[in-house]
Amino acid sequence: MLKYVDTDIVFQEFPDEVTLAINLSNCPCRCPGCHSTFLWKDVGDALTPEAIEKLLNEHGERITCIGFMGGDSEPEAIDRLAAYMRMQHKEIKVGWYTGRTTIAAEIQLPHFDYIKVGPYIRHLGGLDSRRTNQHMYRITEDRKLEDITNLFWKK
C-alpha cells in the first residue's frame, strides 16, 4: 500500500506549475546523499483516492499539478492514482518523480504530464545541474517523452 508522509506546495519541481507534492514513503532506491532519508521507512498514511480528494479539498484552488514524489516500490499504484486524477480532475496536471533509471513497465504514459527519471547522485547534482544524470520528461499528446531537463538549468 502506498503511504505518504507529508505534502507541500512547491514551485520548482515541475516547470511552470504550482504543485501539490506528495512525499511517499518506503523508497527502495536509497540513494547515497538522499535529502529525504525519512522516506526510506514504511511510514505514513495510506494514499488512496479518498486521501487525494481530502488533499485537493485543502489545496486544490492553489495548484495546477499534483506530484507523486517517489512510490518506486509500487509503480502500479502510482499509475492507478494518476489514472484516477485523469478521470476525476482533468484540469490538474500529473507528475511523478522516480529514482529508478527507467520508467516502470506498469506506468502508462497517457496518465502523466511529467515524469522525472533517475537516482540522485551527489557529485552529478539534481535537475538544476548540467551534469545531472536525472531527466525530466514532458509527455506529449502523441505519448512520447520530450526531454525538458534543460528548463531547470541555471543560465
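Visitor: How much space lies in the largest pocket?

Guide: About 920 Å³ lies in the largest pocket. A volume here is the space filled by probe spheres set on grid points, which are joined across faces, edges and corners. Please keep in mind that this is a predicted model, where local features need pLDDT of at least 70, side-chain atom pairs count only at pLDDT 80 or more, and totals for chains, interfaces and linings use all residues. Residues are numbered from 1 along each chain as its sequence is written, and side-chain values use heavy atoms, with hydrogens and water left out.

Visitor: What makes a space a pocket, and what makes a residue part of its lining?

Guide: On a 1 Å grid over the protein atoms alone, a pocket is an open set of points with protein on both sides within 12 Å along at least five of seven lines, whereas a cavity is a set where a 1.4 Å probe fits but cannot get out; lining residues have an atom within 4 Å of a point. The largest pocket has 35 lining residues, and the closest to its centre are Glu-13, His-35, Met-69, Tyr-97 and Lys-116. Strand E2 gives the most to this lining, with three residues.

Visitor: How is the lining of the largest pocket divided by class?

Guide: The lining has 19 nonpolar, 10 polar and six charged residues. Ala, Val, Leu, Ile, Met, Phe, Trp, Tyr, Cys and Pro count as nonpolar, Asp, Glu, Lys and Arg as charged, and the others, Gly among them, as polar.

Visitor: Why is Thr-98 called buried?

Guide: Buried means under 20% relative accessible area, exposed means over 50%, and partly exposed is in between, with a 1.4 Å probe and protein chains only. Thr-98 has a relative accessible area of 1%, so it is buried. Its place is in strand E5; strands (E, at least two residues) and helices (H or I, at least four) are DSSP runs, numbered from the N terminus.

Visitor: What joins the side chains of Thr-98 and Asp-72?

Guide: A polar contact of 2.3 Å joins them. The term asks for a pair of N or O atoms within 3.5 Å; within protein, one must be able to donate a hydrogen and the other to accept it, and residues adjacent in sequence count only if both atoms are side-chain atoms.

Visitor: Is His-111 buried or exposed?

Guide: His-111 has a relative accessible area of 16%, so it is buried. This residue lies in the loop between strands E5 and E6.

Visitor: And why is Leu-145 called partly exposed?

Guide: Leu-145 has a relative accessible area of 39%, so it counts as partly exposed. Its place is in strand E8.

Visitor: What makes a set of residues a nonpolar core?

Guide: It is a set of buried Ala, Val, Leu, Ile, Met, Phe, Trp, Tyr and Cys residues joined through side-chain atoms within 4.5 Å. The largest one has 29 residues, of which Ile-22, Leu-47, Phe-68 and Phe-112 touch the most other members. Helix H2 gives the most to this core, with five residues. In soluble globular proteins, nonpolar side chains tend to be buried together.

Visitor: Which residues does Phe-112 contact beyond four places in sequence?

Guide: Among them are Ile-78, Ala-82, Trp-96 and Ile-139, where contact means heavy atoms within 4.5 Å.

Visitor: What is the phi of Asn-26?

Guide: Phi of Asn-26 is near 65 degrees, a positive value in a residue other than glycine. Most residues other than glycine have a negative phi.
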